[in-house]
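Work through the following exercises with the sequence and the model side by side, and try each task before reading its solution.

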Amino acid sequence: MSERTFLLLKPDAIQRGLIGEIISRFEKKGLKLAGLKLLSVSRELAEEHYAEHKGKGFFEPTVSYIMSAPVVAMVWEGPEAVALCRTMMGATNPKNADPGSIRGSYAVDISRNIIHGSDSVESAVREIALYFKSEEILDYAKAG
Ligand code: CMP
């Protein structure tokens, strides 16, 4: 069933010039890009994004990290897009990520793991609403 997921290219993806390469993977897979923006994340947004991790040791470093340079926020659509994108991203810890996955290809450190993706349809709805206004999600015909 077609669903939406939220993906965030983290600061090191932008600083290392990997935006195009990573977006290209999702395009070539056949997913449909429905929302896209380059932005700086405020502390308020960062804390809201990672609210479920509040109190954990990595919360503050993770919040500081996504505020450290711009990020690219995206909405992608397609059949089982949430699970599909998580497979394409690879394990949260790049050391355990399949070598062909995005984290397996481009990252070595869990705290600089290149990309975030929603872990469920419910998280996707919450995260999309954090980063996008409804009119910023576009519907259009896609070839193929
Ligand atoms: P992300 O998918 O964005 O969700 C939470 C983030 O916290 C995670 O990716 C990592 O970048 C970061 N993080 C840092 N340390 C840890 C850890 N020990 N366990 C889980 N996530 C961590």
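Predicted model: local features only at pLDDT ≥ 70, side-chain atom pairs only at ≥ 80, totals over all residues.

**Exercise 1.** Determine whether T5 is buried or exposed, and list what it touches beyond its sequence neighbours.

*Solution.* Begin by placing the residue: T5 belongs to strand β1, which spans residues 2–9. Next, consider its accessibility: because the relative accessibility of T5 is 0% and the cut-off for buried is under 20%, T5 counts as buried. Finally, collect the contacts, leaving aside residues up to four places away in sequence: T5 touches M74, V75, W76, A81, V82, C85, S118, A124 and I128.

**Exercise 2.** Identify which residues of helix α4 are buried, and explain why they lie on the same side of α4.

*Solution.* Within helix α4 (residues 59–66), the buried residues are F59, T62, V63, Y65 and I66. They cover an arc of only 160° around the axis, and therefore they are placed on the same side of α4. It remains to ask what covers them: the elements over the buried residues of α4 include α1 (11–15), α3 (43–49), β3 (71–79) and α7 (121–131).

**Exercise 3.** State how many salt bridges there are, and describe the pair formed by E77 and R4 together with the pair formed by K32 and D139.

*Solution.* The count comes to five salt bridges. In one of them, the side chains of E77 and R4 meet with an N to O distance of 2.9 Å. This pair links distant parts of the chain, since E77 sits in strand β3 and R4 in strand β1, 73 residues apart. As for accessibility, E77 counts as buried at 14%, whereas R4 is partly exposed, with a relative accessible area of 39%.

Turning to the other pair, K32 forms a salt bridge with D139, and their closest N and O atoms are 3.2 Å apart. Here too distant parts of the chain are linked, with K32 in strand β2 (residues 32–39) and D139 in the segment after α7, 107 residues apart. K32 counts as buried at 13% relative accessibility, while D139, at 71%, counts as exposed.

**Exercise 4.** Explain what the salt bridge between R43 and E60 ties together, and name the network to which these residues belong.

*Solution.* The side chains of R43 and E60 meet in a salt bridge of 2.9 Å, N to O. Because R43 lies in helix α3 and E60 in helix α4, the pair ties together parts that are 17 residues apart in sequence. R43 is partly exposed, with a relative accessible area of 34%, and E60 counts as partly exposed at 36%.

Terms used: Residues numbered from 1 in each chain as written. Heavy atoms only, no water. Helix = DSSP H or I, 4+ residues; strand = E, 2+ residues; numbered from the N terminus. Buried < 20%, exposed > 50% of the residue type's maximum accessible area, 1.4 Å probe, protein only. Contact = heavy atoms within 4.5 Å. Arc of directions from axis to C-beta. Salt bridge = Lys/Arg side-chain N within 4 Å of Asp/Glu carboxyl O.
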